[in-house]
Amino acid sequence: MSHRPSSGLAAVSTALLAMSRHLEVRDVLKTIVASARELLDAEYAALGVPDDHGGFAQFVVDGVTDAQWKAIGPLPRQHGILAAMLRDAKTERLADVRKDPRFEGWPSAHPDMSDFLGLPIKDGEETIGALFLANKRCPKPEGGCGFTEEDAELLSILAQHAAIALTNARLYERSRELTIAEERSRLAHELHDAVSQKLFSLRLTAQAAAALVDRDPARAKGELQQVAVLAAEAADELRAAVVELRPAALDEDGLVNTLRTHIQVLDRAHTAKVTFDSSGIRALPAAQEEALLRVAQEALHNALRHSGAGEVDVALVRRGQGAVLSVTDNGRGFEPRTVRRAGRHLGLVSMRDRASGVGGTLTVESAPGKGTTIEMEVPGG
């Protein structure tokens, strides 16, 4: 066996492993394009995902600088060579794409392209993308294409696996959307129950205060103070729900940066000193990162609103393939044997549910006058 096919198969294997590491559609698209360009040693690579209106829902390039991409302008439409790849189930291998009669409409700022290799990415009978490479980095035969038949075969293998990776990523994103919808529905029910109870009590207490104003002003004053307490609790319930419903910046900033920003805000907003430390953290499955963030938010809320703590320390460290989150305060603490009664008030039930829902564990250590530590461990992926 010659050296070239062996090295080509090794490169394909590396590319396929790289694609399998990602679950977000955008990350998968970028990995496919970068892997194809590196695999076939091309100057440029691109992948377009068509929409239903003659354009592209997504278009990812590799080998083009940000300045060049900005100068090129709007995303291309489905015409010329791109349209042919989307329409016809065949590979396009051209010595000079500029001389092909279908070559049209390329912006003046577009990099010069000569030899060209492209093909559709198909999921069954559906064409879900068009992948192409340009300008093979090698000596070209006179009037010939730098891309070989072997290159076309390798790109075809890559495209078949790219279809699987892209389809899996789409299914993953849809499942996340369903999970988010289910979570919002659950929160809506919890919010309705909690706030409805508070408002019902608020109304009854206000009515009692009104009835007592003339004949027992002292008792009326006590009832009005209770109204204020109930109103504050209802506001807290609403505020907590808004925090849960607000999408976190996990996709853009990652778990560590999102937590750090959140804690910096809390440190400025409260008299207690709130600190954050992290070490060795690697990317975790999205569901585990979201669960860690939500548990941290809930534990911080408890420490800052209920514990009377002067200091709250948050740490996120790597453990094996996973991570451990700890939130420690020096507040008044509580007796762990009463955790069943305190659990719902402190949100411990929902925190345990979040941890177990992603295959993790939650432990609580506390004692009267000794503060509280809440620790959550997730397995990673």
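Q: What makes the link between the side chains of Glu 92 and Arg 102 a polar contact?
A: In this predicted model, the side chains of Glu 92 and Arg 102 are joined at 2.9 Å. The cut-off for a pair of N or O atoms is 3.5 Å, and 2.9 Å is within that, so the pair counts as a polar contact.

Q: Why is Glu 92 called buried?
A: Its relative accessible area is 5%. Buried means under 20%, so Glu 92 gets the label. You'll find Glu 92 in strand β3.

Q: Which residues is Glu 92 in contact with, leaving aside its neighbours within four places in sequence?
A: Those are Ala 84, Met 85, Arg 102, Phe 116, Leu 117 and Gly 118. Contact here means heavy atoms within 4.5 Å.

Q: Why is α4 described as largely enclosed by the rest of the structure?
A: Count its buried residues: 7 of the 8 residues of α4 are buried, so the helix is largely enclosed. The buried ones are Gly 80, Ile 81, Leu 82, Ala 83, Ala 84, Met 85 and Leu 86. Their cover includes β1, β2, β3, β4 and β5.

Q: What makes Asp 41 partly exposed?
A: Asp 41 has a relative accessible area of 34%. Buried is under 20% and exposed is over 50%, so 34% falls in between and Asp 41 is partly exposed. Asp 41 sits in the loop between α2 (25-40) and β1. Its phi is positive, about 55 degrees, although Asp 41 is not a glycine.

Q: Is Asn 135 buried or exposed, and how do you know?
A: The relative accessible area of Asn 135 is 9%. That is under the 20% cut-off, so Asn 135 is buried. Asn 135 lies in strand β5 and has a positive phi too, near 65 degrees.

Q: Why does Arg 294 count as buried?
A: Arg 294 has 8% relative accessibility, and the limit is under 20%, so the label holds. Arg 294 is part of helix α8, and its side chain makes a polar contact of 3.1 Å with that of Gln 297. That distance is within the 3.5 Å cut-off, so the contact qualifies.

Q: What makes a group of residues a nonpolar core, and which members of the largest one touch the most others?
A: A core needs buried nonpolar residues joined through side-chain atoms within 4.5 Å. The largest has 35 residues, and Leu 259, Leu 292, Leu 300, Val 312, Leu 316, Leu 325 and Met 376 touch the most other members. Its largest share, 9 residues, comes from α8. Apart from it lies another core of 31 residues, among them Ile 32, Leu 40, Leu 131 and Phe 147.

Q: Which residues does Met 376 contact, leaving aside its neighbours within four places in sequence?
A: Among them are Ala 291, Leu 292, Val 295, Leu 325 and Leu 362.

Q: What makes Gly 381 exposed?
A: Gly 381 has a relative accessible area of 79%. Exposed means over 50%, so Gly 381 is exposed. Gly 381 lies in the segment after β10. Leaving aside its neighbours within four places in sequence, Gly 381 is in contact with Pro 285 and Gln 321.

Conventions: Residues numbered from 1 in each chain as written. Predicted model: local features only at pLDDT ≥ 70, side-chain atom pairs only at ≥ 80, totals over all residues. Heavy atoms only, no water. Buried < 20%, exposed > 50% of the residue type's maximum accessible area, 1.4 Å probe, protein only. Helix = DSSP H or I, 4+ residues; strand = E, 2+ residues; numbered from the N terminus. Polar contact = N/O pair within 3.5 Å; in protein donor to acceptor, adjacent residues only side chain to side chain.
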